[in-house]
Every structure is written in C-alpha cells, then in structure tokens.
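Here is a short report for a first look at a protein model. Keep the sequence and the 3D view open as you read.

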Amino acid sequence: MYKRLVEETRGGWVECEHWGAICAVDASGSILHAIGDMDRPTFLRSAGKPLQAIPVVKSGVLEHYGYGDRELALMMSSHRGEDMHMQTIDGMMTASGLVQDTLVCHPSYPLHESSRHDWIREGGKPERRFHNCSGKHFGVLAWCKQEGYELETYTHPTHPAQIQITEAVLEMAGVSPDVIGVGTDGCGFPVYALPLPAIAAAYLKLGNPALISDEETRQAVTRINQAMTSYPLLVGGTGRLDSILMEDDNIAAKGGFKGIFGFALKEEQLGFAVKIADGSDEECAYVIAELLRQIGYKHAATIQRLEEAFPTIIKNDQGLIVGERHTVFKL
C-alpha cells in the first residue's frame with residue numbers, strides 16, 4: 001500500500017495529497033528505509049536510461065564513432081531541446097551517418113519553453129530529433145548499425161539489442177526474469193517494471209560501480225557514471241531535478257515520467273528509489289530534499305539548491321502566497 005508523502009495546503013486547508021513509496025538500500029543490498037509498498041512493480045520509464053546504455057557502451061560504439069562523454073550523457077537524457085542538447089544530437093547524427101527519419105519517436109517541438117518559442121519563431125516544425133528520448137534512440141541505432149543489426153525493428157522486444165538491454169537491467173537490479181514486467185514506453189522502447197528495492201539496488205550500483213562483480217559491466221557503468229557527473233545539464237536540462245542533484249558530484253540521478261526517480265549517494269554507498277503514486281513528477285523534488293535532510297546528508301548546499309529551485313510556497317497568478325507544500329513522511 002502506498003503512504004502519504006506530500007500534502008498541499010491552501011488557506012490553511014489541505015487541498016491535495018500525494019501518496020507514494022520510498023526505498024533505500026545500503027552497500028549490501030539490504031533495505032535500509034522502506035515507506036509504502038515494496039512489492040508493487042513500478043515502471044522505470046526514463047529512469048531506466050542509464051541502465052539501457054550499458055550494452056551500448058560495452059559494444060565499443062563510442063570509440064567506433066568517436067563519441068565522448070557528451071554524447072553518452074545524451075544517450076541517458078530526457079533532454080528538453082536546448083541548444084546544448086541539439087548540438088550534441090546533431091553531432092551524433094553526423095558521426096554515425098544516421099538520419100532522424102530512422103527514429104520511431106514522434107516528431108516534437110523542444111520541451112524547453114524559450115527554445116520552443118525560438119524554433120517556432122524561425123518557422124521550425126516538429127522534428128523527431130527534438131523528442132526528449134532521441135539521444136537514447138540514436139545511441140542504440142548507432143550500436144545496431146555498427147553490429148549490422150536490423151535498424152527498422154530496433155525497438156522490438158525480440159531485437160538483439162533489446163534482449164541485451166533487458167539482460168543489463170536484470171543484472172543491475174539483481175533480479176530474475178520472472179520478477180520483471182515489460183510494457184511499451186511513450187517513445188516506443190520496451191519499458192521495465194520492477195519493485196522499488198530492485199530499482200534502488202540498480203542505482204546503488206550505478207553510483208558505485210565497484211560493487212559490480214562483472215568487470216565488463218563495471219567498466220561500462222564507470223564510464224556512464226563519469227558522463228552523468230561531467231554533463232548533468234545534458235542528462236536533464238535547465239531547472240531539471242536530476243541535473244540540479246548532479247551538480248553535486250557525489251550523486252548519480254535520473255528521473256522518469258509518472259513520478260519515478262532513482263538516485264545514489266556515492267560515498268555513502270546508498271541507493272534510493274521514489275515513486276509518486278499519482279504520477280506527479282514535481283513532488284519528487286520535495287520528497288528527495290526531505291530524504292536528504294532526514295538522513296543528515298553532509299552537502300547542505302545540495303539541499304539548498306533544491307529548496308531554491310523547488311520552493312515549497314504556492315503562489316497564485318498575482319504572485320501572492322496562497323499555500324504551501326509539506327512533506328509528511330518519516331524514515
């Protein structure tokens with residue numbers, strides 16, 4: 001059963017409640033903190049992108065096409081179509097010889113507001129490369145092109161690339177195939193459903209590659225960790241929760257649509273998974289800020305950045321304070 005995590009008040013009255021679940025695991029993989037349902041499968045959505053990138057890195061495609069940490073960060077990104085994102089995407093296309101029509105992603109405008117306005121003002125139309133998952137797709141397509149895999153069916157669950165991606169997710173989560181659920185994500189990729197402890201365990205290893213026994217996987221995750229830390233804005237974007245968290249190089253983090261978020265504290269060797277039951281993404285920021293406060297996280301500046309980027313006060317259209325958000329859980 002989900003538990004109440006955040007409430008929103010207006011005029012002193014509770015207007016909204018956001019329920020969900022929180023899991024934290026330690027270096028042994030044991031559950032350290034648990035709030036809510038630990039058994040219910042939860043779709044990873046875009047929080048799975050760092051895990052999906054593992055076999056791409058293993059394949060040697062980065063070296064084959066001259067991709068660096070910027071391109072790898074984009075492969076894990078839910079980008080907003082800002083200039084820094086599109087310059088990297090365009091470079092990936094040029095180096096690999098891929099074109100955006102190969103993507104199954106639906107044509108989109110940039111999600112970043114000012115970038116979208118600029119593009120429309122210039123007469124731009126929706127394009128597939130602007131889709132926020134295009135980096136992941138181009139990474140897998142480049143891998144498929146290198147290996148001679150069929151490009152047209154690259155998102156099918158039985159495609160060789162997707163089979164290897166599924167194996168990587170299972171390895172990082174430390175679960176057997178009968179535990180994992182599979183659906184179809186908004187971008188057309190297979191998407192995996194796992195209990196929160198398995199997601200937290202995967203993020204524990206993502207932030208702490210030394211805990212991974214397989215050397216090849218450990219090396220790939222180390223490279224992924226490095227790219228996320230070096231280019232947090234490419235992983236998310238301006239004002240995005242995962243990018244703000246990764247301004248702190250002790251944190252590896254990635255969110256996904258519908259209120260799922262995973263992160264790791266590297267030095268502390270802790271992995272976390274958060275799910276907001278109603279799918280509200282913004283509530284994750286308040287939950288994570290409170291999580292860090294309650295565990296006494298040593299980098300107070302990180303918590304302060306979250307508080308500044310995601311204020312708890314609620315204002316109306318005239319800028320008047322009319323309410324407040326409160327976290328209501330205790331670890």
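Among contacts in the protein between residues at least 6 apart in sequence, what percentage join residues at least 24 apart? The share is 63%. The model is a predicted one.

## Overall build

The protein has 14 helices and 11 strands. Its radius of gyration is 19 Å, close to the 20 Å that the globule rule gives for 331 residues, so the protein is as compact as a globular protein of that length. The C-alpha trace spans about 60 × 50 × 35 Å along its principal axes.

Of the 331 residues, 54% are buried. The accessible surface comes to about 13800 Å². Carbon and sulfur atoms hold 50% of that surface.

## Charges

The protein carries 30 positive and 43 negative side chains. The centres of the two sets lie 3 Å apart.

## Lys-258 and the residues it touches

Start with Lys-258. This residue sits in the loop between β7 (251-256) and β8 (260-265). Its relative accessibility is 40%, so Lys-258 counts as partly exposed. Setting aside residues up to four places away in sequence, Lys-258 touches Arg-45, Lys-275, Ile-276, Gly-279 and Asp-281. Ala-227 is 31 residues from Lys-258 along the chain, and the two C-alpha atoms are separated by 25 Å.

Arg-45 is not a glycine, but its phi is positive, near 45°.

Most residues other than glycine have a negative phi. Gln-269 has a positive phi of about 55°, although Gln-269 is not a glycine. It is placed in the loop between β8 and β9 (270-276). With 29% relative accessibility, Gln-269 counts as partly exposed.

Is Thr-302 buried or exposed? Its relative accessibility is 2%, so Thr-302 counts as buried. This threonine is part of helix α14, residues 300-309. Its side chain makes a polar contact of 3.2 Å with the side chain of Arg-305. Beyond neighbours within four places in sequence, Thr-302 is in contact with Leu-245, Asp-248, Ile-251, Leu-292 and Tyr-297.

Now turn to Thr-166. It lies in helix α8, which covers residues 160-173. Which side chain makes a polar contact with the side chain of Thr-166? The partner is Tyr-192, at 2.9 Å. Thr-166 is also 23 residues from Phe-189 in sequence, with 11 Å between their C-alpha atoms.

## Pro-190 in strand β6

Pro-190 is found in strand β6, residues 190-194. At 4% relative accessibility it falls under the 20% limit, so Pro-190 counts as buried.

How far apart are the C-alpha atoms of Pro-190 and Pro-157? They are separated by 6.3 Å, while the two residues are 33 apart along the chain. Pro-157 is also one of the contacts of Pro-190.

Methods. Residues are numbered from 1 along each chain as its sequence is written. This is a predicted model: local features need pLDDT of at least 70, side-chain atom pairs count only at pLDDT 80 or more; totals for chains, interfaces and linings use all residues. Side-chain values use heavy atoms; hydrogens and water are left out. Helices (H or I, at least four residues) and strands (E, at least two) are DSSP runs, numbered from the N terminus. The radius of gyration is taken over C-alpha atoms; the globule rule is 2.2 Å times the number of residues to the power 0.38. Buried means under 20% relative accessible area, exposed over 50%, partly exposed in between (1.4 Å probe, protein chains only). Contact means heavy atoms within 4.5 Å. Accessible areas come from the Shrake-Rupley method with a 1.4 Å probe; for residues, only the protein chains shown count as cover. Lys and Arg count as positive and Asp and Glu as negative; His and the chain ends are not counted. The place of a charge is taken as NZ of Lys, CZ of Arg, CG of Asp or CD of Glu. A polar contact is a pair of N or O atoms within 3.5 Å; within protein, one must be able to donate a hydrogen and the other to accept it, and residues adjacent in sequence count only if both atoms are side-chain atoms.
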